[in-house]
Amino acid sequence: RKRGGGAGRSTSVPRDVHPASRRVYFHAKTSTAMSVEEVLMQGADSDDETDDEEWRKKTRRDLHSSKSITAEEREFMLLWNSFSRKFPLFADYIMPTRCQQFVENYGEQLRTNPKLRHCLAAHLLMLWEFALIDGAVISRCLQMHDGAAQPGAAGPGSGQAAQQEGHKGQTQLAGTA
């Protein structure tokens, strides 16, 4: 007797049909169906993909649902969140550097509306209240925004450089008196 199938019936899958083509697989983040080619490719899942435009739309919707913030505050929040997404804020000590990078990267957009400077200053003050940045960083960022300081001229903890400058100015004044 033969084992297996019945009389003349074959239960095997044709060799040219891959088992993945009989099931539907979905990307992990976007939940869209994957093509057979995507399934067969090693590591072709959407975990590594980012859909910035979709994220921006969702963030805009979420921000517009809040009636207690102004249009400028929404715009600033979107800029800061976009920046934070590209340049993660993984520890408190990185905040001074990230604030300066933010002003360097988005300075042109921030200068398009004078009210955005107010949002930047309020944001910096809030970070100062939580002891994430110091006054020298606030001053440096606002100077960079206003065009008075060149980006990258001093490091994130430029408080020492400002103190040294202050001491030079005091000695010069004392010498002339």
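Biologist: What does the secondary structure of the chain come to, and what pattern does it follow along the sequence?

Modeller: Please keep in mind that this is a predicted model. The secondary structure comes to seven helices and zero strands. Read along the sequence, the pattern is therefore written with helices alone, given how runs are assigned, and for this chain it is α-α-α-α-α-α-α.

Biologist: How many of the residues count as buried, and what share of the accessible surface belongs to carbon and sulfur atoms?

Modeller: A residue counts as buried when its relative accessible area is under 20%, and of the 177 residues of the chain, 28% count as buried. The accessible surface comes to about 12,700 Å², and the share of it that belongs to carbon and sulfur atoms is 52%.

Biologist: How are α3 and α4 oriented to each other?

Modeller: The axes of helix α3, residues 71-86, and helix α4, residues 95-111, come within 10 Å and cross at roughly 125°. Angles of 65 to 115 degrees count as roughly perpendicular and those over 145 as roughly antiparallel, with this range between them left as oblique. The crossing of α3 past α4 is right-handed, and the two helices are therefore oblique to each other.

Biologist: Which residues make that contact, and how do they divide by class?

Modeller: On the α3 side the contact is made by Phe 76, Leu 79, Trp 80, Ser 82, Phe 83 and Lys 86, while α4 contributes residues including Met 95, Arg 98, Phe 102 and Tyr 106. By class, the contact of α3 with α4 has nine nonpolar, four polar and two charged residues.

Biologist: Are α4 and α6 roughly parallel or roughly antiparallel to each other?

Modeller: Helix α6, residues 135-146, packs with α4 at an angle of about 25°, with the axes 9 Å apart. The crossing of the two helices is right-handed. Angles under 35 degrees count as roughly parallel, so α4 and α6 are roughly parallel to each other.

Biologist: Which residues of α6 make the contact with α4?

Modeller: From α4 the contact draws on Pro 96, Cys 99, Gln 100, Val 103, Glu 104, Leu 110 and Arg 111. The residues of the contact divide into seven nonpolar, two polar and three charged. Those on the α6 side are Val 137, Arg 140, Cys 141, Met 144 and His 145.

Biologist: Where is Leu 89, and which residues does it touch?

Modeller: The place of Leu 89 is in the loop between α3 and α4, and Leu 89 is partly exposed, with a relative accessible area of 30%. Not counting residues up to four places away in sequence, Leu 89 touches Trp 80, Ser 84, Ile 94, Met 95 and Arg 98.

Biologist: What separation do the C-alpha atoms of Asp 52 and Ser 82 have?

Modeller: Asp 52 is found in helix α2, residues 52-65, and is partly exposed, with a relative accessible area of 33%. Although Asp 52 and Ser 82 are 30 residues apart along the chain, their C-alpha atoms are separated by 8.6 Å.

Biologist: Is Ala 131 buried or exposed?

Modeller: Ala 131 is found in the loop between α5 and α6, and its phi is near 60°, a positive value in a residue other than glycine. The cut-off for this class is over 50% relative accessible area, so at 66% relative accessibility Ala 131 counts as exposed.

Note on methods
Residues are numbered from 1 along each chain as its sequence is written. This is a predicted model: local features need pLDDT of at least 70, side-chain atom pairs count only at pLDDT 80 or more; totals for chains, interfaces and linings use all residues. Side-chain values use heavy atoms; hydrogens and water are left out. Helices (H or I, at least four residues) and strands (E, at least two) are DSSP runs, numbered from the N terminus. Buried means under 20% relative accessible area, exposed over 50%, partly exposed in between (1.4 Å probe, protein chains only). Accessible areas come from the Shrake-Rupley method with a 1.4 Å probe; for residues, only the protein chains shown count as cover. Axes are lines fitted to C-alpha atoms, for helices over the stretch in contact, and angles run from 0 to 180 degrees between N-to-C directions. A crossing is left-handed if the near helix is turned anticlockwise from the far one by less than a right angle, and right-handed if clockwise. Contact means heavy atoms within 4.5 Å. Ala, Val, Leu, Ile, Met, Phe, Trp, Tyr, Cys and Pro count as nonpolar, Asp, Glu, Lys and Arg as charged, and the others, Gly among them, as polar.
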